[in-house]
Amino acid sequence: MTRQKRSHHKLKRAVAPYLYLSPSLLIIGLLMLLPMVTVIAYSFQNSAVLRRDPSFAGLKHYQAIFDDPVFWASLWHTLYFTCMSVIFHMTIGMAFALMLNSDRINPTLRNILRVLYILPWLFTAVIIAVIWRLLLEPNGVVNSILLQLGIIGSKVEWFSSPETALHAVTFANIWAGYPLFMVSLLAGLQGIPKDFYEAADIDGAKAYQKLIFITIPQLMPIIISISLLDFIWTMQVFPLIWITTGGGPIYSTEVLSTYTYKLAFSSYNLSQASASAVVILLISLGLTLFYIRYQKAR
Amino acid sequence: MRKRHTPKDRLITVALHVALAAGLFFAAFPIYWMLSSSFKSNTEIFALPPTILPKAFTLEAYAAILGDPVKLRFFFNSYFVAGAVTVLTVLIALLAAYGFSRFNFRGKGSLNTLIISTQTIPPITLLIPFFGLVVSYGIFDTYVALILTYLVFTLPYAILLMTGYLNTLPRDLDEAVAVDGGSSWTALWRVIVPISLPGIVATSVYTFLLCWNEFLFALTLTKSTSMRTVPIGIQLLMGQHAFEWNQMMAMSVLGSLPLLLIYLVAQRYFLAGMTAGSVK
């Protein structure tokens, strides 16, 4: 190759990656980063979106949100919903993974059960919401079984009484989300070297000791990263709550996403909704930074 | 070797199987109930005591859904939008992943971090500016609005997934093309794409799934019945009819079929896509 040709080639190598990345960067820049800037701008404007020349509002909309008791209720419900979901996703996922990994069940049964235990994962949030509405109808099958067993004295309106609604949607979400943990932990379990357990057997370790001193520490990186991701994603849940309770009755299941949605598209207060959306963004970003630092530290 | 004959040991095995059965009931009963209700009449669904198997098996709910052009349109819209987004996402993500996997360049690390962090941006935050944009560009209630917005959410994950896959492929292959005087573009299409099929399938499966499940943007950025997708269709069905539960369940079964089929046919790719973000 001549020198000219070689430098031409070098230039091509230097420019090429940017060309390959350009469509993606264009889309992410224009449709993700720009809208994020826009929503922050909206939150400082009066009548954002609705008027062509909105005036500057300062921190008014943030003030309005922080003065709104429904916002604080939504924040609390979001926390409850998210924490309970993550804790139970982890517990159930771990229990199922450990059971499936046991050498006490035969391999065919194990394979069948693994497929069946993953089932809830294969359904859309809207469909999960509809299924649970049918199950938890006052005249539905859950009430009729519980009545028969004498666990409840009369029909419970799970989704439409303020005392039970939040627990009911949380339960539905727990059911819907544990397979992510199960699948990841199962993969993790299969990666733990067998000699660890053999060495423990020689030392006469009991089953629970092996669980606490070998299995759980080995799975810790997976547990932490999935919990963080699950936390971030569960915090953003919208359709499940929207379809089952719509945030009601009397705000008892209002979460940040339904609260924001209603501000924007029921009361058309898009400025205040933007302020609320920015608050959600900040919480998510904080958790994301934490997640990325954790991933890098690994 | 573990000893298997002590009574205590046998008791543990029995207890384990009881727990497995309880787990199975927990995981599968809601889905079984959806399926069996879709074959019942609306009155039988609430019969007392509940009938586990449909007593009077009927396909009337399916006939009602499949005979209604409005509902078929929901299905067409879902397939069309998810299909279009999948093709676009895979193409664009493949190019980006090739850039990430085969080149070193300034800003690579920060771009990678940017793409990882965009995965967790709350959809509700983007909804309001998207609504503003979509209305001002006059694409409210169109396929274009849905396809563009879905692309934003599918792309980051798809790029990470494809990059992960391309990194597993030996570099000698595309370097051989360079030695022969071929450009990186030639190497991509002649060498990389043909052997990347598993990665492409996993990415497509994941993208399709995400689009098929999307609710919030379909709810907000479309309005006319002819533009609605399956999830919105199910919600509409809930509002309109005086709770035709059997039809709702039939529509849910039909709406779940694509994902169930993909899972059964391509389980490996499905799991690869679903867990890629967490176990990278």
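What share of the 298 residues in chain A is buried? Buried residues make up 41% of them, where buried means that 20 or more other C-beta atoms, placed from the backbone, lie within 10 Å of the residue's own. This is a predicted model, in which local features need pLDDT of at least 70 and side-chain atom pairs count only at pLDDT 80 or more, while totals for chains, interfaces and linings use all residues. Residues are numbered from 1 along each chain as its sequence is written, and chains are lettered from A and ligands numbered from 1 in the order in which they are written.

**Chain A**
- Chain A has 12 helices and 0 strands, taken as DSSP runs numbered from the N terminus (helices are H or I, at least four residues; strands are E, at least two).
- The radius of gyration of chain A, 25 Å, is well over the 19 Å that the globule rule gives for 298 residues, so the chain is more spread out than a compact globule. The radius is taken over C-alpha atoms, and the rule is 2.2 Å times the number of residues to the power 0.38.
- The C-alpha trace of chain A spans about 80 × 70 × 30 Å along its principal axes.
- Of the contacts in chain A with a separation of 6 or more, 70% are between residues 24 or more positions apart; a contact means C-beta atoms, placed from the backbone, within 7 Å.

**Where the chains meet**
- On the chain B side 70 residues are in contact with 69 residues of chain A.
- Helix α1 (residues 7-38) of chain B gives the largest share of the chain B side, 13 residues.
- By class, that side has 50 nonpolar, 20 polar and no charged residues (Ala, Val, Leu, Ile, Met, Phe, Trp, Tyr, Cys and Pro count as nonpolar, Asp, Glu, Lys and Arg as charged, and the others, Gly among them, as polar).

**B:P122**
- B:P122 lies in the loop between α5 (108-118) and α6 (123-136) of chain B.
- B:P122 counts as buried because it has 21 C-beta neighbours inside 10 Å.
- Leaving aside residues up to four places away in sequence, B:P122 touches A:Q236, A:I280, A:L281 and A:S284.

**A helix pair in chain B**
- The axes of helix α4 (residues 69-102) and helix α10 (residues 197-213) of chain B come within 8 Å and cross at roughly 140°. Axes are lines fitted to C-alpha atoms, for helices over the stretch in contact, and angles run from 0 to 180 degrees between N-to-C directions.
- The contact of α4(B) with α10(B) includes B:S78 and B:V81 of α4(B) and B:I200 and B:T203 of α10(B).
- By class, this contact has 9 nonpolar, 6 polar and no charged residues.

How values were computed. Two residues are in contact if their C-beta atoms, placed from the backbone, lie within 7 Å. A residue is buried if 20 or more other C-beta atoms lie within 10 Å of its own, exposed if 12 or fewer, and partly exposed in between; C-beta atoms are placed from the backbone.
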